[in-house]
Amino acid sequence: MAPRWKLLLLLVVVLLVSCGAAPTDILYRVAEEQPPNTLIGSLAADQGLPDTGHLYKLEVGTPYLRVDGKTGDIYTTEIPIDRETLRDCRNLFEGDKCFLEFEVSITDMVKGIGTGPRLIEGRIEVLDINDNTPQFSSPILTLSIPENTHIGALFSIPMATDKDSGTNGVAEYSLSTGPDADQLFSLQVAVDSDEKLPQLVVMGNLDREKKESYDLNIRVVDGGKPARASSALLRVTVTDQNDNAPKFERNHYEAELPENSPLGHSVLQVRANDADTGPNGEIDYSLHQASDTVQRLLRIDRSTGIIYVKGLVDREEESFLKFFVVARDRGPNSKSSKVLVTVNVKDQNDNAPAIEIRGIGLVTHQDGVANISEDMPIGTPVALVQVSDRDEGENAVVTCVVAGDVPFQLRPANEAANDRKRKYFLQTTTLLDYERVKDYRIEIVAVDSGNPALSSTNSLKVQVTDMNDNTPNFSPALLEVDFAEGNQPGDKVLDVVATDADSDTNAELAYSIIELAAQRLFEIDSKSGEVQVKNPLDREDTERYEFHVAAADKGVPSKTGTATVVINVLDRNDNDPKFMLSGYSFSVIENMPPLNPVGVVTVTDADKGENARVRLYVEPDNGKFVIQNGTGTILSSISFDREKESTYTFRLKAVDAGEPLRSSYVGITINVLDENDNAPYVTKPANSSYKYLPPVTPLETRVEVVEAEDIDSGPNAELVYSIAGGNPYDLFHISPSSGEITLAQEFTRKHNGLHRLVVKVSDKGKPPRHTTALVHIFVNDTIGNVTLIESLVGHSLYTPLDRDIAGDPNYALAQRSNILYGSLAGIAGVIVVIVAVVLIRHKLQKDTKSGYQAGKKESKDLYAPKQGPKNGKGKKSKKGKAPKPAKPLEEDEEASLQKGLKFNLINENVNDSPRIHLPLNYPPGSPDLGRHYRSNSPLPSIQLQPQSPSASKKHQAVQDLPAANTFVGTGDNNSTGSDQYSDYSYKANPPKYSNKQ
C-alpha cells in the first residue's frame, strides 16, 4: 500500500496554466480516485483572482468537484473521479488524454449581484492510476494447433484487456507449462500499434496420437506500481493438418458511416484469403474484441465479411467505432487472423440546438423559475444560457436570440467562443419594478446552420421579487381634527391610514406614535391606525396637540412613513374667571383729583371665546369707585383725604359670558398714602432760651437736645438734624437722628460769650420739608449777669442767620488793634520827626520871611476814629411795660449801647461805617408766628419794614425771629423759614423790649 500512496501524492494537482493564458486555458492535473476534499487547484492563488469580497460558485463540474466560495479552491467530493467511467473518456485511443471540464462563476459581493458574475472555464486532466487488473476475455482460452506443425510456428493467443492506459495497461505476458509441455511450447509477445500480442511458439513435434491437448497457464501483468496481474487457462488442442491461415487484403480497414443510417445499411466489407482448399480455405468472419456499443450497433456477415448497421447509429452518442474482425478458416485445425476496423460516424443535421438554462452566481433556479430582486441594476445576469448542438461542423453553428419584447438580452459569457457550445448571460436591460410587472416569461430561440436548419426554444420564468423599496405613504400627510375637551378615556379621536405599494410583508404596516410625550396621552392601534385618547383632555392645559404617527412595514430593512396629526381641543365653559391675585391692595396719594386711576386688576379666564369674555362689577356699588371693563382699571369718583379716611375696601365680581355663567370675586383694598404736606415743628428748646457752659466743660458733654415732630407719616415724618450755621469753630456736634448736641472741641479764651447754633430739622419726604431752630449757648466762667445774656439772646434773634455769633466779638478786634496801634505809633513817630524837621526849617525860613502866626488853635478832626468802650451793661426794662420812645441816638450813646451789650457782628470789619445796631423790639407788621406754626403756605414768613431802603451786601436785613417759635421751609434751597432775609432800615430810636419773656 505504501508505494501506492506515494504514487497518489506524486499525482496530486499540478498547475499547467502558462502565464498570460485566457481563462478557458486553465488546466489542472489530478490523479483519478483521489479521496474526498483533495485540493485540485486554487483559482485565487494560482490565477491571481481576488481572494476577498468575492463569491466563487461551481457552475459545471458536479458531482465530482466542489469550490470554496471565498478562495476559489477546487476540491474533490465524496464521489471519486474514475477515469474509466467518465463519459468523455470511455472510447479513448491509446495515448489520448482524459479531461473533466469545469466552470466557476465569480461574483463581486462588494458591488453586489448587479455588477454581474464573471465566468471562469477550465479543464482537469484526469491521470490514470493502476486501479484495474488486466483480464482475459475468458478464464479458459482455447487454441487449436495442427499436428506436425513445424517447429517455430506462431499461434496468436487472445489478448488480455486493461481499462487502465499507458504504463498501467498490459505490460507483459508469461506462460507456465506442465512437465509434459515444457519442451513443446514457449511464449513470444509481439508489439503491434502499441499493443502487445501474445503468441504461442511451437518448440517441439506435436503428435495428436500421443496427446490431444495440453493445459497451459498464461499470466498477464500490467505496468502499474504495484502491478496487477491475472491468469487464464490456455488449452492447446492438437488437430489435423491445416497449413495456411486466412490473410486480410488490408492491414487496417476504415469507413465512414452516416449517422441515422437505416438498419441493414452496409458499412464496409472486409476480405481475407486462405491458400488452402476445401474447408481449410473457407473463411468465417466475426467481430473480435468489440465493445458492447459496437456489438449493439453493427453486425458482420460471417460469409461475406460485410458489416451492416444493426442498431440506430447516433454520432452524438458514438462518433467513432473501433474493433477487430477475425477471419477463421473452416478446416479441422482452423487457423485465424484479425484486422483492425475503425468506423467514423459522419454527422447529419439531426439534432436541434440544445438550450440549457441554469442559475448563475447567487441567482438560483428552481423548477424553471428564477427569482430576481427588483432593485437589481441594469445588466444583472439572471441565468447562464448554454446553447449547444450535438452535430458538428456547420450543423453545430447556432444562433441564439431572446424572443418577444422583454427587458432581457443575451450577452456572451466568454470571449473564446466555441461553435459547438456557446454560453450567454441572460441579463436585464432595464430596471425592474415589482409594482409594475411581477414576472416575465422569457423565450430563447436557437437556430443551427444546417440545411435544412433546425431550431429549438426554451423558456425561463423570471419572477421579480418584491424589495421593500416603497415607503408607506399617508394621504394626506397632515391630519387635523377638532376634539372637545372633557372627554372620557378611550374615546376615538381619528383614524390614520397609510398605503404601501409593496406586497406581502413589505406591505404589512404597523402604526405607532413617535413622540414619547404624545404616547402618554394618546394611543394608536398598531393594525388599524385608530387613535384614541388615554386621559381626559383639558384645553386650558393644552389647546393644540401636534405629534407624528409612523407606519412601518415589515420588510427588511423596514421602511417607515410618517404623518403629522394635529388635534385642536375645543373649549367648554369649565373654568371660572380668575383674578391674577387673591386680593389686591392699591395705594393712592391723598388729594388726588376724582376720576383718576387707582389701580388695575387683571382677570383671566382659561376658557376661550365667549366662555372667556369677562365683565367686572363693583360690589357694593356706593359710587365711590368705578371699574373699566376691558382694561381692568379702577377709577375713583372722590378725592382722598388721609386724615379723614385712610382705607377703603370693596369687592370686584368677574362674570364670563359662557353657558352656564361662571363668576368669581376678589377683595380690593385702597390705602390712602400720606403726602408730605406738613413741615416738622420744634417742640424743644425755644428760640429765646439758652444753655450755660463753663469754659472747662469736658468733651462729649451733652449740651442740649433738639426735639421736633411731624404730623405726617412714614418717611415724611422721619427727621434728620443738622447744624446749618453758627458753628464756625466746629465746637459742637449734633446727632442726625436724635438731635442731641454735644461738645466736640475744647473752649479757648476767644470762645467765651454767646454762641448761636442754627439747627435745621428736615423730614425725608419727597420733596423734603424742614424748619429751623436756634440754640443759644453761653460760655463763661460765671453766669452772674443773666440780664446781659438775655440781651445778647434778644439781639441774636434780629441778627441775620448767615452771620455767625460765636464767642467774644472784641477778642479779634483787640488783637488787631494792638498791632494797629503799634504801627500807628511808629508811623506817628516818623511823622513827628519829619514834621519837626519841616517846622524847624519852616521856622527858620519864616523868621527869615516873617510870615508865621503863632498860637492859632486848629479845628476838631471830625473823622478821627474813636475807640469803642471796653465793656458796659445794658439797662433792663421793666417787665410788662412797653418801652418808651428814645431820643435820637447820638454818637456817644451808640458807643455806650455797644459797650453795655458787648455785642457786635463778628463778620463786620472794624472799619465798617456806620455801625449797625439791632432793635430789641418786634417791628410793626411782624408775621403771626402762632398762625404760621401749622401753615404750609409757600409765602415767606418775612415782613419788610415800611421805610426799608434797598439793602447793600454789607447791610443785610435780619429775619424777624420769634422768641419761642421756629420757622419752616419747603425743603429747597430757597427756604423762606430760615435762609432768606429781607432788607431792613436803621431806626435811630429803637423801642426797648423786655429782657424776659
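Buried means under 20% relative accessible area, exposed means over 50%, and partly exposed is what falls in between (1.4 Å probe, protein chains only). The views below come from a predicted model, where local features need pLDDT of at least 70, side-chain atom pairs count only at pLDDT 80 or more, and totals for chains, interfaces and linings use all residues. Residues are numbered from 1 along each chain as its sequence is written, and side-chain values use heavy atoms, with hydrogens and water left out.

**View A. A nonpolar patch sits on the surface.** Leu 820, Tyr 821, Leu 824, Ile 827, Ile 831, Val 835 and Leu 839 make it up, with about 630 Å² of accessible area together. Patch members have over 30% relative accessible area and no salt bridge; like charges are joined within 9 Å, nonpolar side chains (Val, Leu, Ile, Met, Phe, Trp, Tyr) within 5 Å. Leu 820 belongs to helix H6 (residues 811-849) and is partly exposed, at 46% relative accessible area.

**View B. Arg 235 pairs up with Asp 215 in a salt bridge.** That term takes a side-chain nitrogen of Lys or Arg within 4 Å of a carboxyl oxygen of Asp or Glu. Here the closest N and O atoms are 2.8 Å apart. Arg 235 is partly exposed at 34%, and Asp 215 is partly exposed at 42%.

**View C. Glu 540 and Arg 539 form a salt bridge.** The N to O distance is 3.4 Å, and both residues are buried.

**View D. Glu 103, Glu 121, Glu 356, Arg 358 and Lys 423 are joined in a salt-bridge network.**

Key:
Accessible areas come from the Shrake-Rupley method with a 1.4 Å probe; for residues, only the protein chains shown count as cover. Helices (H or I, at least four residues) and strands (E, at least two) are DSSP runs, numbered from the N terminus.
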